[in-house]
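Notebook open, model loaded. I want to go through one part of the fold and jot down what I look up.

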Amino acid sequence: MRLVIAQCSVDYTGRLTAHLPLATRLLLVKADGSVLVHSDGGSYKPLNWMSPPCTLRTSPPDEARAEAGVVEVWTVQHTKTGDQLEVSIHEVLHDSNHELGVDPGLVKDGVEAHLQKLLAEQIEHLGPGHVLVRREYPTAIGPVDILAKDGSGGTVAVEIKRRGDIDGVEQLTRYLELLNRDPLLAPVTGVFAAQEIKPQAKVLATDRGIRCLTLDYDALRGVDDVDSRLF
């Protein structure tokens, strides 16, 4: 991983356009090719990014940019969509490379991991016509618990928690923002699934167009028949 702290401005062009004015920011270049732009705030969410497959090219500035103080230009272009992230660097304050090795991945809570496995095996709980694409669908910011297709062929991303709170909704929102950049997947809708979902999380999920699904762990395991209950 390459870490660069620099005074820079950033422009994103493609299906959307965005501009970040000159400021000091952290630029992350990951081994998978992704490039992320962070500020000293906003928690873990980057200000802008380009996910793989993409290419990074560095070049000297043109005359106009050089006069404005730019010393180097990064051009990051998505291989499939042609979207482009352009970073105009005015001053590099830090530049280092670090070998992180192979990450073992997130070790989930036992019940949470089992919920994921059970829901994948019983994907019909998402609704009629749903089919499983895969578990632990990889993205540049972490794996999506379950990726599925609904009855009309639309892509569905599922985030699974034992207890669903606002942080879980935020996590799914980040996945959806990234997945919807992929024209082969978009449009992607979200399902927030948990044994218990807090009211605040339900409100936030609904506001963002994310469906909530309450999971019955015992019923999924086959030790509790919900259809035979008297109450």
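I started with S10, H3 and S11, which make a right-handed β-α-β unit (right-handed: with the strands pointing away from the viewer, the path from the first strand over the helix to the second runs clockwise). Helices (H or I, at least four residues) and strands (E, at least two) are DSSP runs, numbered from the N terminus. Caveat for myself: this is a predicted model, where local features need pLDDT of at least 70, side-chain atom pairs count only at pLDDT 80 or more, and totals for chains, interfaces and linings use all residues. Residues are numbered from 1 along each chain as its sequence is written, and side-chain values use heavy atoms, without hydrogens and water.

Next, pairing (at least two DSSP bridges between two strands). I found S10 and S11 parallel over 9 bridges, with Glu159 bridged to Phe192 in S11. S9 and S10 run antiparallel, joined by 4 bridges. They form a hairpin with 5 residues between them, and Gly153 in the turn has a positive phi of about 90°.

Then I checked H4. Ala201, Leu204 and Ala205 are buried there (under 20% relative accessible area; exposed is over 50%, partly exposed in between; 1.4 Å probe, protein chains only). Seen down the H4 axis, the buried residues fall within an arc of 100° (directions from the axis to the C-beta atoms), so they line one face of the helix. The face turned away carries exposed Pro199, Val203, Thr206 and Asp207. After H4 comes Gly209, with a positive phi near 75°.
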